[in-house]
Amino acid sequence: MQTDQVVVNPITDQRGLFSYVTCLLALLNRYEVEKIPIYADWTGADNYADPDHHPNVFNSYFEQPFVDRLNSSHQIIQTSEGSELLNEFFNHKVYSFAPEVRKKAARLVTKYLRVLPRITKLVDSFCDPLKNESILGVHIRSTDQFNGGHFHGQSLCLHRYLELIDQAVFQNQHAKIFAASDSQAVIELLRDNFRNLITYDCTRSLDNRALHLTEEFLGYQIGEDVLVESLILSRCQFFIASPSNVSTMVTFWNLDLPFVEAMKGILNYEPGL
């Protein structure tokens, strides 16, 4: 391959925002050695589309990683290999928090994944008043992972999150708890149990249906919400992670963030080491 080529990875299915992002990271990892630029074409991500925003959903949240190198003279190579490369990138685990994966992904995120300034402004507006506070971050994925109280046939074990939060708060009783979840019921449960809970004002599911697959919610907004929440979580002093692309991205945004996998050893998703 020559450097006058560009790889375009079109989105053809409906998934979560960070599932798309991790596929892009796998492609960047694949073609970086050959110095071939990638164009993220998310025009097919209808679940995040909005007529008031860019038709390419990627451009609604991020700057193109090679915006300065793309021109009409490039030979376009379309590829759908992102999902296949993802297995190799994550060492054939569904959600990998393994140190070598995290380090590799964090480097690519820092180099290529640039959030739009208006997204960063939302994060700053939330975090700046809390800059002198000790913040414990927790992400609890529910909805499409929650079906009658089960995750892949095993208990979701919400009590495990409560135990971990209790342990962290016991060590630092002045800490605030920033909770992120796609489920309003989960947030209400946490409010009932912890007085120092803070949340970002965003759209959440009221009936355990996945937001990115629910037509009545504004597509762009749910993407913005989860992106902002993940970036806020990355600025916390400690993080309780769930088996989710949202949680793995939090650890990629901030390579120095200490964290614990809430479901490690409990669920059968083969967590990282």
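Me: Why is Lys35 called exposed?
Reply: Lys35 has a relative accessibility of 59%, and exposed begins over 50%, so Lys35 counts as exposed. The model is a predicted one, and in it Lys35 lies in the loop between α1 (17-31) and β2.

Me: What makes the phi of Lys35 worth a remark?
Reply: Its phi is near 55°, a positive value in a residue other than glycine. Most residues other than glycine have a negative phi.

Me: Why is Asp166 called partly exposed?
Reply: The relative accessibility of Asp166 is 46%, and partly exposed is the range between the 20% limit for buried and the 50% limit for exposed, so Asp166 counts as partly exposed. Asp166 belongs to helix α6, and its C-alpha atom is separated by 8.7 Å from that of Phe194, a residue 28 places away along the chain.

Me: Is Gly219 buried or exposed, and how do you know?
Reply: Gly219 has 6% relative accessibility, whereas buried means under 20%, so Gly219 counts as buried. Gly219 is found in helix α8 (residues 219-234).

Me: Which residues are in contact with Gly219, once its neighbours within four places in sequence are left aside?
Reply: They are Asn47, Tyr48, Ala49 and Tyr61, where contact requires heavy atoms within 4.5 Å. Pro51 is 168 residues from Gly219 in sequence, and the two C-alpha atoms are 9.9 Å apart in space.

Me: What does Gly44 touch, and where is Gly44 placed?
Reply: Gly44 sits in the loop between β2 (38-41) and α2 (58-61), and, not counting residues up to four places away in sequence, Gly44 touches Ile11, Asp13 and Gln14. For Gly44 and Gln14, a sequence separation of 30 residues goes with a C-alpha to C-alpha distance of 8.3 Å.

Me: How do you know that the buried residues of α7 line one face of the helix?
Reply: In α7 (residues 184-193), the residues Val186, Ile187 and Leu190 are buried. Viewed down the axis of α7, the buried residues fall within an arc of 100°, so they line one face of the helix. An α-helix has 3.6 residues a turn, so residues three or four places apart point the same way. On the other side of α7, Ala185 and Asp192 are exposed.

Me: What covers the buried residues of α7?
Reply: The cover includes β6 (135-140), α6 (158-171), β9 (176-181) and β10 (197-198).

Me: How do the residues lining the second largest pocket divide?
Reply: The lining has seven nonpolar, one polar and three charged residues. Phe126, Cys127, Leu130, Ile135 and Phe178 are among the lining residues, which also include Lys131, Glu133, Arg235 and Gln237. The volume of this pocket is about 160 Å³.

Me: What can be said of the protein as a whole?
Reply: The protein has nine helices and 12 strands, and 54% of its 273 residues are buried. Of the contacts between residues at least 6 apart in sequence, 72% join residues at least 24 apart.

Technical notes: Residues numbered from 1 in each chain as written. Predicted model: local features only at pLDDT ≥ 70, side-chain atom pairs only at ≥ 80, totals over all residues. Heavy atoms only, no water. Buried < 20%, exposed > 50% of the residue type's maximum accessible area, 1.4 Å probe, protein only. Helix = DSSP H or I, 4+ residues; strand = E, 2+ residues; numbered from the N terminus. Arc of directions from axis to C-beta. 1 Å grid on protein atoms, 1.4 Å probe; cavity = no way out; pocket = protein on both sides within 12 Å on 5 of 7 lines; lining within 4 Å. Points joined across faces, edges and corners; volume = space filled by probe spheres on them. Nonpolar A, V, L, I, M, F, W, Y, C, P; charged D, E, K, R; others polar.
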